[in-house]
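Subject: Structure handover

Hello,

Here is the structure I promised you. Please open it and keep it on screen while you read my notes below.

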Amino acid sequence: MAVTPGHTGNSVVTGGRSFPTRVVPPIELPASVSQLARDAAAQLGWHGVVLPEVRMLGRRVCVVARLRTDTHAERIAMGVGPVTDRATVATWTWPEFAPTAPAPAAEIVGVLSVARHWRTAMASAVPFSRYGDAAVVLPTSAVLSRDYLDNCLPRARSYGVAVVTADEDARVDLDVDVRRERILLPEDAVSRWVNEQVYEQLLASYDLPVA
């Protein structure tokens, strides 16, 4: 593995002598992702089922959602359960198919990204903030830096992403609330596909019948 000249592992070579460098311990989450997501949703006032962390759109997120029971009943009657094939769902937005496409059966309350660093969390949350509420959950130690103040906070406010912190005892606190006056994208092929993914998760969570 290539190394920067003058650096060997955890030491620095200066004038032929090797001196150990200071090792900074990595920031760790004070609790499990699922617990932090549940506590953050409660702090944000998001009422719904906090689904397990999954990978969607290449990002790891926890979705808070509610089942639209009337729509679910209609889809069972039609024999149309969750459709997770992205190419198929994309056709539902075509003008010739839109009138007959099944209605969204999930109501997405918000999307949470739990991470050790704000850059990772923000990269995961921002794509979903274009369609609705999104938030990041960070260890308190990760927000006590100039980098967070100078770079994370302006981005959070710009994209309307909430920031929830969790201290070493896993107690959560709201640092930045969701900005409500931002412009959201209308429903499209991406949001419909995400809704179907969440619909499938909700049915597994509720243990309800699938058409």
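Start with two helices. The axes of α4 and α6 (residues 146-159) come within 11 Å and cross at roughly 10°. Angles under 35 degrees count as roughly parallel, so α4 and α6 are roughly parallel to each other. On the α4 side, the contact is made by W118, R119, M122, V126 and S129. On the α6 side, the residues are D147, Y148, N151, C152, R155, A156 and Y159. What kinds of residue make up this contact? They divide into 7 nonpolar, 2 polar and 3 charged.

Before going on, please note that this is a predicted model. Treat every value here as computed from that model.

Now the overall picture. The chain has 7 helices and 10 strands. It has 211 residues, of which 41% count as buried. The accessible surface of the chain comes to about 11,600 Å². Carbon and sulfur atoms account for 54% of that surface. Take the contacts in the chain with a separation of 6 or more: 68% of them are between residues 24 or more positions apart.

Next, the salt bridges. How many are there? The count comes to 10.

Look for E28 and R116. They form a salt bridge, with the closest N and O atoms 3.6 Å apart. This pair links distant parts of the chain, 88 residues apart. E28 is in the loop between β3 (17-20) and α1 (33-44). R116 is in the loop between β7 (106-114) and α4 (118-129). R116 is partly exposed, with a relative accessible area of 41%.

Then go to E107 and R66. Their side chains meet in a salt bridge at 2.8 Å, N to O. Here too the pair links distant parts of the chain. E107 sits in strand β7 and R66 in strand β6, 41 residues apart. Are these two buried or partly exposed? E107 is partly exposed, at 31% relative accessible area. R66 counts as partly exposed as well, at 32%.

Buried means under 20% relative accessible area. E196 has 0%, so E196 counts as buried. R192 has 4%, so R192 is buried too. There is also a network here: salt bridges link R75, R192 and E196.

Last, two backbone angles. Which residues have a positive phi without being glycine? L57 is one of them, with a phi of about 55°. L57 is found in the loop between β5 (54-56) and β6 (59-67). A170 is another, with phi near 70°. A170 is found in the loop between β9 (162-166) and β10 (172-176). A170 counts as buried, at 10% relative accessibility.

That is what I found.

Best wishes

Terms used: Residues numbered from 1 in each chain as written. Predicted model: local features only at pLDDT ≥ 70, side-chain atom pairs only at ≥ 80, totals over all residues. Heavy atoms only, no water. Helix = DSSP H or I, 4+ residues; strand = E, 2+ residues; numbered from the N terminus. Buried < 20%, exposed > 50% of the residue type's maximum accessible area, 1.4 Å probe, protein only. Contact = heavy atoms within 4.5 Å. Areas by Shrake-Rupley, 256 points an atom, 1.4 Å probe, with all protein chains shown as cover. Salt bridge = Lys/Arg side-chain N within 4 Å of Asp/Glu carboxyl O. Axes fitted to C-alpha atoms, helices over the stretch in contact; angles between N-to-C directions. Parallel < 35°, antiparallel > 145°, perpendicular 65-115°, else oblique. Nonpolar A, V, L, I, M, F, W, Y, C, P; charged D, E, K, R; others polar.
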